[in-house]
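Welcome to a guided tour you can follow in your own viewer.

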Amino acid sequence: MGKVYVFDHPLIQHKLSYLRNEKTGTKEFRELTNEIAGLMAFEITRELPLEDVKVQTPVAEADCKTISGKKLGIVPILRAGLGMVDGMMDLIPAAKIGHVGLYRDPETLQPVEYYVKLPSDTGERDFIVVDPMLATGGSAIEAINVMKKRGAKNIRLMCLVAAPEGVEAMQEAHPEVDIYLASLDEKLNEKGYIVPGLGDAGDRLFGTK
């Protein structure tokens, strides 16, 4: 079973409190989302393998470390996942970006793919799928389904806030996928919103209703 990690770093928790606040405007919400995503990227890459290299400094040769040939990919789930990409790319500029676009069928309420674009070397990359919210889990589950169909093998999921129902659904559908969160919230309400959550992340990121 995939593990669930909740990052309790003080900076992440501090910024999350502002992100949740209903008075936080679009500009600040977008900045905070990127800042938290960057801090989470710092934590999620902690276990990347290193190899020894020698570097000539202005003074002498130094024994240093560099990341050992790990190919990373970041895949935002459109559209809200886009709000997390820049903050991660600031730390991992060599990562390639894929995109998965889904919409919810109004009759079946099931996610339907409308756009998928992944790096050509999909099978060789470690992917981090990003979406601010893990509510019912439907979109994240389907996003990982379509990635696996295209050859992705190593996938992790990173969200800002999640409901226990979404975590459980993800673990049932994709038991090998580790989940990384800034907060595991209380529950889903009758409308499928995370409680206490932070509202509709897409609307708050892009100023829509």
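This is a predicted model: local features need pLDDT of at least 70, side-chain atom pairs count only at pLDDT 80 or more; totals for chains, interfaces and linings use all residues.

**Stop 1: the largest pocket**

Start by selecting Arg 104, Asp 131, Ala 135, Ser 139 and Asp 200. Of the 28 residues that line the largest pocket, these are the closest to its centre. The space in this pocket comes to about 900 Å³.

Which strands and helices supply at least two residues each of the lining? Colour strands E4 (72-78), E6 (99-104), E7 (111-117) and E9 (133-134), and then helices H4 (138-149) and H6 (201-206), to see them. If you colour the lining by class, you will find 15 nonpolar, 8 polar and 5 charged residues.

**Stop 2: the second largest pocket**

Next, select Thr 45, Leu 48, Ile 67, Lys 70, Lys 71, Leu 72, Leu 91, Ile 92, Pro 93, Ala 94, Ala 95 and Arg 125, which line the second largest pocket. Its volume is about 240 Å³. By class, this lining has 8 nonpolar residues, 1 polar residue and 3 charged ones. Keep Lys 71 selected, as this member of the lining also takes part in a salt bridge at the next stop.

**Stop 3: salt bridges**

How many salt bridges does a search of the whole structure find? The search finds 12, and we will visit a few.

Show the side chains of Lys 71 and Asp 121, which meet in a salt bridge with an N to O distance of 3.5 Å. This pair links distant parts of the chain, 50 residues apart: Lys 71 is in the loop between strand E3 (61-67) and E4, while Asp 121 is in the loop between E7 and strand E8 (126-130). Is Asp 121 buried or exposed? Asp 121 counts as buried because its relative accessibility is 15%, under the 20% cut-off.

Now select Arg 150 and Glu 113, whose side chains form a salt bridge of 3.1 Å, N to O. Here too the pair links distant parts of the chain: Arg 150 sits in the loop between H4 and strand E10 (154-162), Glu 113 sits in strand E7, and 37 residues separate them. Arg 150 is partly exposed at 37% relative accessibility, and Glu 113 is partly exposed at 32%.

For one more bridge, select Asp 63 and Lys 54, where the closest N and O atoms are 2.6 Å apart. Both partners are exposed: Asp 63 has a relative accessible area of 65%, and Lys 54 is at 55%.

**Stop 4**

Val 6 belongs to strand E1 (residues 4-6) and is partly exposed, with a relative accessible area of 42%.

**Stop 5**

Select Pro 175, in the loop between helix H5 (164-173) and strand E11 (178-184).

Then move to Pro 111, in strand E7. Pro 111 counts as buried because its relative accessibility is 18%. Pro 111 and Ala 143 are 32 residues apart in sequence and 8.9 Å apart from C-alpha to C-alpha.

**Stop 5: two cis peptide bonds**

Most peptide bonds are trans. Zoom in on the bond from Leu 78 to Arg 79, which is cis, with omega near 5°. Arg 79 lies in the loop between E4 and helix H3 (85-89).

Finally, select Val 195 and Pro 196, where the peptide bond is also cis, with omega near 0°. Pro 196 is in the loop between strand E13 (194-195) and H6, a helix that you coloured at the largest pocket.

Note on methods. Residues are numbered from 1 along each chain as its sequence is written. Side-chain values use heavy atoms; hydrogens and water are left out. Helices (H or I, at least four residues) and strands (E, at least two) are DSSP runs, numbered from the N terminus. Buried means under 20% relative accessible area, exposed over 50%, partly exposed in between (1.4 Å probe, protein chains only). On a 1 Å grid over the protein atoms alone, a cavity is a set of points where a 1.4 Å probe fits but cannot get out, and a pocket is an open set with protein on both sides within 12 Å along at least five of seven lines; lining residues have an atom within 4 Å of a point. Grid points are joined across faces, edges and corners, and a volume is the space filled by probe spheres set on the points. Ala, Val, Leu, Ile, Met, Phe, Trp, Tyr, Cys and Pro count as nonpolar, Asp, Glu, Lys and Arg as charged, and the others, Gly among them, as polar. A salt bridge is a side-chain nitrogen of Lys or Arg within 4 Å of a carboxyl oxygen of Asp or Glu.
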